[in-house]
Amino acid sequence: WNRANFRILVDGAANTWFQLIKDRNEDIVDPIPNLVTGDFDSINPDVINYYASQEQRCKVITTPDQDFTDFTKALQELSKCISSNTEIEEIYAYAEYDGRLDHIFGLFETLYQAKNIPSLPPVFLVSSGTTDWLLQPGIHFISIQEKEPRNVKSNLLNDEENYRCGIIPLGEPCKQIHTSGLKWNIVKSQILAFGTLISTSNTFSDDIVTIRVGTPVIWTMKN
């Protein structure tokens with residue numbers, strides 16, 4: 001939060017943040033977001049009124065369209081606000097997977113929708129357990145090196161539970177995919193699709209993973 005150039009609270013998450021700044025205000029440089037948005041079916045009236053009173057610093061925008069999730073609509077509003085801001089290179093969306101499978105698929109749907117929103121940099125979905133993002137068609141290099149030097153290759157194989165990852169095809173089969181750096185790599189002759197093959201509970205054999213895909217897929221890795 002402190003390092004972000006632009007900050008958004010989405011609907012009910014504003015309730016959690018509002019309480020958090022009461023408990024940990026000394027840790028937060030500027031607790032006021034740039035934008036609060038959503039259909040506002042979950043936000044508490046006192047919370048929305050508080051942020052609305054900060055109109056010189058915070059926009060409050062209602063997005064009632066039920067054809068998109070609040071997360072997707074928040075990214076649509078964000079794109080309007082940062083279209084000329086070249087300093088914003090990545091978006092980190094913090095969410096918890098609370099066991100609602102429909103919510104989880106809704107989050108992944110937003111990752112797919114994000115690629116069609118103008119002026120939007122890459123979106124990373126961060127929870128307490130995983131970091132997930134959409135791999136667009138092309139070649140990707142994913143580094144799992146930590147800041148402190150370590151012998152990655154020897155440690156990874158002995159600590160697989162802390163280095164789980166997966167490649168999930170959604171929307172359409174991925175007929176062109178090739179990986180290296182994983183314990184169970186996918187070769188060019190394999191198709192990634194539900195009912196055929198998906199890569200779950202995979203792990204690493206190197207500190208750099210290379211993935212070449214012909215269609216978008218979700219990459220997920222344990223934090």
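**Helix packing and a pocket in the predicted model**

Helix 3 and helix 4 cross in a right-handed manner, meaning that the near helix is turned clockwise from the far one by less than a right angle. Helices here are DSSP runs (H or I, at least four residues), as are strands (E, at least two), both numbered from the N terminus. The model is a predicted one, so local features need pLDDT of at least 70 and side-chain atom pairs count only at pLDDT 80 or more, while totals for chains, interfaces and linings use all residues. Residue numbers run from 1 along each chain as its sequence is written, and side-chain values use heavy atoms, with hydrogens and water left out.

Back to that pair: helix 3 (residues 70-81) packs on helix 4 at about 25°, the axes lying 8 Å apart. Axes are lines fitted to C-alpha atoms, for helices over the stretch in contact, with angles from 0 to 180 degrees between N-to-C directions. Helix 3 and helix 4 are therefore roughly parallel (angles under 35 degrees; over 145 is roughly antiparallel, 65 to 115 roughly perpendicular and the rest oblique). On the helix 3 side, Phe71, Thr72 and Leu75 meet Leu107, Thr110, Gln113 and Ala114 of helix 4, contact being heavy atoms within 4.5 Å. By class, this contact has four nonpolar, three polar and no charged residues; Ala, Val, Leu, Ile, Met, Phe, Trp, Tyr, Cys and Pro count as nonpolar, Asp, Glu, Lys and Arg as charged, and the others, Gly among them, as polar.

Helix 1 (residues 13-23) and helix 2 (residues 45-52) cross at roughly 75°, their axes coming within 9 Å. That makes the two roughly perpendicular. Ala14, Asn15, Trp17, Phe18 and Ile21 of helix 1 meet Asp46, Val47, Tyr50 and Tyr51 of helix 2, a set of seven nonpolar, one polar and one charged. Helix 2 also holds Ile48, which touches Phe40, Ile43 and Val60, leaving aside residues up to four places away in sequence.

As for open space, the second largest pocket is lined by 25 residues, with Val123, Thr131, Trp133, Ile142 and Met221 nearest its centre. Two or more lining residues come from each of helix 4 (101-114), strand 6 (130-135), strand 7 (138-143) and strand 12 (217-222). A pocket is an open set of points on a 1 Å grid over the protein atoms alone, where a 1.4 Å probe fits, with protein on both sides within 12 Å along at least five of seven lines; lining residues have an atom within 4 Å of a point. The lining comprises 15 nonpolar, seven polar and three charged residues.
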